[in-house]
Amino acid sequence: EVYFKNLSKQKQREVMEKNGNNHKLRVCVATCNRADYSKLAPIMFGIKAEPQFFELDVVVLGSHLIDDYGNTYRMIEQDDFDIHTRLHTIVRGEDEAAMVESVGLALVKLPDVLNRLKPDIMIVHGDRFDALALATSAALMNIRILHIEGGEVSGTIDDSIRHAITKLAHYHVCCTRSAEQHLIAMCEDHDRILLAGCPSYDKLLSAKNKDYMSIISMWLGEDVKTRDYIVALQHPVTTDIKHSIKMFELTLDALISFNKRTLVLFPNVDAGDKEMVRVMRKKGIEHHPNFRAVKHVPFDQFIQLVAHAGCMIGNSSCGVREVGAFGTPVINLGTRQTGRETGENVLHVRDADTQDKILHALQLQFGKQYPCSKIYGDGNAVPRILKFLKSIDLKEPLQKKFCFPPVKDNISQDIDHILETQSALAVDLGGTNLRVAIVSMKGEIVKKYTQLNPKTYEDRLALILKMCVEAASEAVNVNCRILGVGISTGGRVNPREGIVLHSTKLIQEWSSVDLRTPISDALHLPVWVDNDGNCAALAERKFGHGKGIENFVTLITGTGIGGGIVHQHELIHGSSFCAAELGHIVVSLDGPECLCGSQGCIEAYASGIALQREAKKLHDDDLLLVEGMSMKEEEIVSAAHLIQAAKLGNTKAESILRTAGTALGLGVVNILHTVNPSLVILSGVLANHYVNAVKDVINRQALSSVKTVDVVVSNLADPALLGAASLVLDYTTRRIY
């Protein structure tokens with residue numbers, strides 16, 4: 001908006017004078033399929049509405065002209081657009097070669113059309129192979145190109161095609177701030193990039209209140225209610241056709257089992273699309289009472305169908321982009337849209353390799369209603385695009401200029417630079433110390449920094465930033481490439497947002513703290529945050545005893561008692577990020593008071609604080625010290641003194657440690673009976689003192705079916721730092737189902 005305000009009406013008049021007062025901008029819009037027309041149509045209507053500025057020529061090619069895909073050119077005619085040229089460019093086939101031949105055929109036919117039209121600018125949308133042929137032809141014929149939706153990230157070959165078109169295009173209209181930043185990172189001229197939003201949102205955000213029941217009845221039957229049906233739209237993944245066909249087959253099986261009315265749209269023209277149609281027919285989808293299989297739905301009606309659906313499933317970009325405007329639940333299958341920005345309505349099933357997994361996703365998502373998302377637009381894209389078109393000066397040189405960042409010549413062929421070790425910055429926020437380390441991919445702590453943890457929020461955050469900046473600078477000297485920052489902290493953490501929700505009493509002024517934003521802004525690196533117990537479990541999963549183990553539990557025995565649970569190789573966070581608060585399992589109804597305010601928690605018996613409390617009681621009664629022990633007058637009594645006294649034969653100290661070990665063992669038995677892990681890992685400074693006691697309690701108290709569990713002591717020297725590093729190295733906080 002600021003860009004356009006700065007242009008001003010005077011600038012537009014100057015451009016008109018430069019281009020010739022009577023010269024209208026001749027715009028060629030080329031559309032290849034139903035999906036890109038939904039984005040281009042709002043722009044075409046806008047251009048048509050201002051004949052004093054523009055002349056519009058419409059070229060139709062690709063699947064628009066194929067009967068198997070609904071002859072969708074008819075909807076362009078129904079919208080009252082004159083089609084200047086129809087080009088049959090699709091070569092029928094079922095493999096990648098057919099797509100290549102289709103691009104070649106389009107390249108053969110397009111030059112004649114462009115010679116006749118002589119447009120000032122061609123508008124090309126998206127990332128389809130047809131669009132690549134359009135951009136290539138226009139670029140080689142010195143026609144300016146305006147590319148819609150560049151800079152976005154997704155899976156499959158589409159990414160490569162989209163970025164190739166970006167390099168050919170002279171002007172760019174992007175939909176999100178991230179896409180704009182990607183274009184700038186790709187060395188495109190910032191002055192030729194417009195952040196407008198998605199043109200289809202101009203229709204979407206005004207569509208939901210229109211009559212929709214008649215549309216639902218027409219496509220799904222009169223007995224279907226809103227939020228009680230599914231829309232399925234799945235395309236082949238051209239980089240892995242065989243797997244995508246199998247995934248489609250599993251999707252249909254899951255939909256049949258789910259037993260809800262479902263509208264299935266035929267896939268795009270891509271290698272593998274015919275095989276997907278055969279799968280549909282093999283399973284009898286076109287004749288199944290719960291299914292309606294269609295080649296095409298007009299966009300206005302499609303909007304209403306997805307807006308009021310109980311769920312949308314598949315791998316179409318429409319699911320992760322447009323459907324968010326309505327808050328409709330979406331299940332995104334596979335990798336075709338990997339990297340797309342999505343709202344919270346999207347559940348990703350990256351590895352959709354079983355029917356049960358897809359069916360479970362349907363059970364989780366169907367019928368929910370999420371907040372509406374405007375990630376991809378605010379409904380005002382077209383006015384911005386028209387202003388942008390009017391600002392184009394045709395007398396400017398046609399040759400593109402790229403904005404390359406400065407590059408230091410001395411490192412381009414530096415062998416040390418080439419052999420950099422991929423690493424993470426790991427931060428451990430303890431009750432006493434604040435530690436930052438550079439950790440390599442193999443779990444080696446390359447460099448470590450330790451400072452006392454400040455008592456106030458401001459001082460603590462400032463010190464974290466200072467230490468991280470110093471460590472990041474030092475990483476260059478020790479030949480490490482920092483991929484991101486992982487933070488381990490006490491308390492309850494929302495790892496999705498990088499926020500500490502509530503802290504333990506050991507860390508003051510540490511509730512409702514956003515750690516991700518300031519650190520990411522300062523270092524320009526991605527930041528992950530999680531609870532210290534969860535980090536210990538992640539460290540074991542990547543570097544320790546938990547490596548390759550499907551189900552295990554880690555218990556930290558230190559100042560407090562914490563832990564993490566790994567189930568089916570995934571860390572469990574819980575619905576309110578409170579899972580694995582293992583120190584607060586109650587083992588006695590009338591036990592000692594815990595710091596959490598309850599009584600009889602494991603932590604009240606077995607933590608370092610609890611042992612220190614009992615040691616002080618003995619010391620105050622002159623019952624702690626035995627022969628062979630001595631303490632200086634100013635020395636603070638600690639858990640270590642209690643352990644030393646027990647080793648030297650102090651029966652009262654032995655009894656306290658025995659009670660603590662029994663309490664911890666009872667907690668472990670409860671864990672075994674709840675989540676049934678195959679391995680229990682004891683970590684922390686007290687682990688060696690408790691391991692035998694825990695095993696004894698399991699043998700006495702546990703059900704026979706869980707007595708075979710392995711209980712081991714961690715062999716990791718620094719699980720908190722290693723766990724924080726693994727947040728980065730394994731990207732564990734991504735929302736992957």
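In this predicted model, Glu322 and Lys39 form a salt bridge, with the closest N and O atoms 3.2 Å apart. Glu322 lies in the loop between helix H13 (317-320) and strand E12 (330-333), and Lys39 lies in helix H2, so the pair ties together parts that are 283 residues apart in sequence. Are these two residues buried or exposed? Glu322 is buried, with a relative accessible area of 3%. Lys39 counts as buried at 5% relative accessibility, because the cut-off for buried is under 20%.

Lys39 also meets Glu149. Their side chains form a salt bridge, again described by an N to O distance, here 3.2 Å. Glu149 sits in the loop between strand E5 (144-148) and helix H6 (158-168), while Lys39 belongs to helix H2 (residues 34-48), so this pair ties together parts that are 110 residues apart in sequence. Glu149 is buried, and its relative accessible area is 5%. Why can such residues pair? Side chains of opposite charge can pair when their charged atoms come close.

A further salt bridge joins Arg340 to Glu152. The closest N and O atoms of Arg340 and Glu152 are 2.3 Å apart. This pair links distant parts of the chain. Arg340 is in the loop between E12 and strand E13 (346-349), and Glu152 is in the loop between E5 and H6. The two residues are 188 residues apart. Both Arg340 and Glu152 are buried. Salt bridges that share partners join Lys39, Asp127, Glu149, Glu152, Asp159, Arg162, Arg321, Glu322 and Arg340 into one network. The count of salt bridges in the model comes to 37.

The next topic is a helix pair. Helix H10 covers residues 241-258, and helix H14 covers residues 355-365. Their axes come within 8 Å. They cross at roughly 50°. H10 and H14 are therefore oblique to each other. The crossing of H10 past H14 is right-handed.

Which residues of H10 and H14 meet? From H10 come Met247, Leu250, Thr251, Asp253, Ala254, Leu255, Ser257 and Phe258. From H14 come Gln355, Ile358, Leu359, Leu362 and Gln363. The residues of this contact divide into eight nonpolar, four polar and one charged.

Terms used. Residues are numbered from 1 along each chain as its sequence is written. This is a predicted model: local features need pLDDT of at least 70, side-chain atom pairs count only at pLDDT 80 or more; totals for chains, interfaces and linings use all residues. Side-chain values use heavy atoms; hydrogens and water are left out. Axes are lines fitted to C-alpha atoms, for helices over the stretch in contact, and angles run from 0 to 180 degrees between N-to-C directions. Helices (H or I, at least four residues) and strands (E, at least two) are DSSP runs, numbered from the N terminus. Angles under 35 degrees count as roughly parallel, over 145 as roughly antiparallel, 65 to 115 as roughly perpendicular and the rest as oblique. A crossing is left-handed if the near helix is turned anticlockwise from the far one by less than a right angle, and right-handed if clockwise. Contact means heavy atoms within 4.5 Å. Ala, Val, Leu, Ile, Met, Phe, Trp, Tyr, Cys and Pro count as nonpolar, Asp, Glu, Lys and Arg as charged, and the others, Gly among them, as polar. A salt bridge is a side-chain nitrogen of Lys or Arg within 4 Å of a carboxyl oxygen of Asp or Glu. Buried means under 20% relative accessible area, exposed over 50%, partly exposed in between (1.4 Å probe, protein chains only).
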